[in-house]
Amino acid sequence: MGEVQNVSNWIEHNKDSFQPPVCVKMMHDDQIMVFFVGGPNQRADYHLEEGEEFFYMVKGDMCLKVMEHGKFIDIPIREGEVFHLPAKILHSPQRVVNTVGLVIERRRAEDELEALRYFVEGSDETLYEEWMHLTDVGKQLPAIIKRFFDSEQYKTGKPIPGTITENPPIKVDHDRTLQRPFLLKDWLVDNRNDIHAAGGKLLFGAGNQCEVRVCGAGGYQGCHEVSQTWLWQQSGSAKVEINSVTHILNCLESILIPINNEFKVTGNNDDSFTLMVDHDPRKKNH
C-alpha cells in the first residue's frame, strides 16, 4: 500500500539530486514513473517514444522544443501550467536554473524501443541517433548524451553513412496539432462545478494513454487493471479509501495506488481538488 508523501517536502529534501545533464529525481519508478526535473538542463537531443508524457511546472518556466507538422517549434510551459505530450512527437526539454517541473510517464513494454536523436544544425537532417529499451532514465540518457559529444558526428557536424536507421521502429507523428499548455488554476475555476457534480473531470479528454483527471467533492471511484494511479492534492483535503483503508490527503500531499486496488476519492469541501494520473499502455495505438 502506498504511503502519503508531502510533495513540497520531498522536493526540498531531494533538491541536491537535480544535476545536469538530465537533472531527474524519481519519486516513483514503477509501472507509473513520477519524477521531478530541475535545471539548468539545456539539451540538444530530441526524444522519440511510444508513450505519452504529462508536464506540470511547479516552479519557474521551461521550454519544450518539439517537431509539429514537420517543423521545429518552441512550446513554453510556464509556472502553474500543465501540458499533455502525445506519443511519437519529437521533443527536447529545456530548463533553466531554479526551476522544478513534474513529469509523468509509464514503464516501457519489453518490446518497446525509443530514440535520442540529434539533428544537423539548422536542418531536419538526422546527425546522430541511438535506439534503446529504456529502463533507467537517470543512467541511460546521460550515457547516450556523453557518447554523442565524444562522437565524430559532433566534431564534424556531419552524419556518418550507415549509422541512421532506415526503417525505425517508431515513425514521427507529423499530423497531430498539439494542444497548448494552460494554467491549472484557471482550468479549476472554469470547471469547478462540473468537477464537483460528477466527482471528477478529465483535463485532456478521454482515450489518452496518460489520463489526467481532477477529482472533487462529489466522489470518484476507480480500480485500474494495468496502471497504478497517482494522486496529488492541489487544494483543500480529501478522503482516499483504498481497499477499505482510509487515508487523508492534505494540500500538496500525494499517494500512489497499486494496480487492481479499488479506491474512492472524496473531497472534503468545494475547495478540494485532487489531481489523479494513470497511464494505460493498452491505448497506445488508439
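I call a residue buried when its relative accessible area is under 20%, exposed when over 50%, and partly exposed in between (1.4 Å probe, protein chains only). Strands are DSSP runs of E with at least two residues, and they are numbered from the N terminus.

**Ground rules.** The model is predicted: local features need pLDDT of at least 70, side-chain atom pairs count only at pLDDT 80 or more, and totals for chains, interfaces and linings use all residues. Residues are numbered from 1 along each chain as its sequence is written, and side-chain values use heavy atoms, without hydrogens and water.

**Entry 1: strand β22.** I looked up β22, residues 273-279. Seven of its seven residues are buried. Which residues of β22 lie on each side? I found F273, L275, V277 and H279 on one side. T274, M276 and D278 are on the other. Both faces are covered.

**Entry 2: partners of β22.** I count two strands as paired if DSSP finds at least two bridges between them. Strand β15 (residues 210-215) pairs with β22 in the antiparallel sense, over six bridges. There, C210 stands opposite H279. Strand β17 (residues 229-235) is also antiparallel to β22, again with six bridges. In that pair, S235 has F273 as its bridge partner.

Entry 3: Strands of a sheet pair through backbone hydrogen bonds, either parallel or antiparallel. I traced an open sheet in the order β16-β21-β18-β19, with antiparallel pairing. β16 (220-222) and β19 (245-249) each have a single partner strand, so one side of each is left without a neighbour in the sheet. Inside the sheet, five bridges join β18 (residues 238-242) to β21 (residues 263-267). K239 has T266 as its bridge partner in β21.

**Entry 4: nonpolar cores.** A nonpolar core is a set of buried Ala, Val, Leu, Ile, Met, Phe, Trp, Tyr and Cys residues joined through side-chain atoms within 4.5 Å. The largest one has 59 residues. F36, F54, L102, L203 and W230 touch the most other members. Strand β3 (residues 32-37) gives the most to this core, with six residues. Apart from it lies another core of 11 residues, including L231, L249, F263 and M276.

**Entry 5: cysteines.** How many disulfides does the structure hold? I found zero, taking a disulfide as a pair of cysteine sulfur atoms within 2.5 Å. The sulfur of C63 is 16 Å from the closest cysteine sulfur, in C23, which is too far for a bond. For C210, the closest cysteine sulfur is in C215, 14 Å away, also too far. C210 counts as buried, at 1% relative accessibility.

Terms used:
Helices (H or I, at least four residues) and strands (E, at least two) are DSSP runs, numbered from the N terminus.
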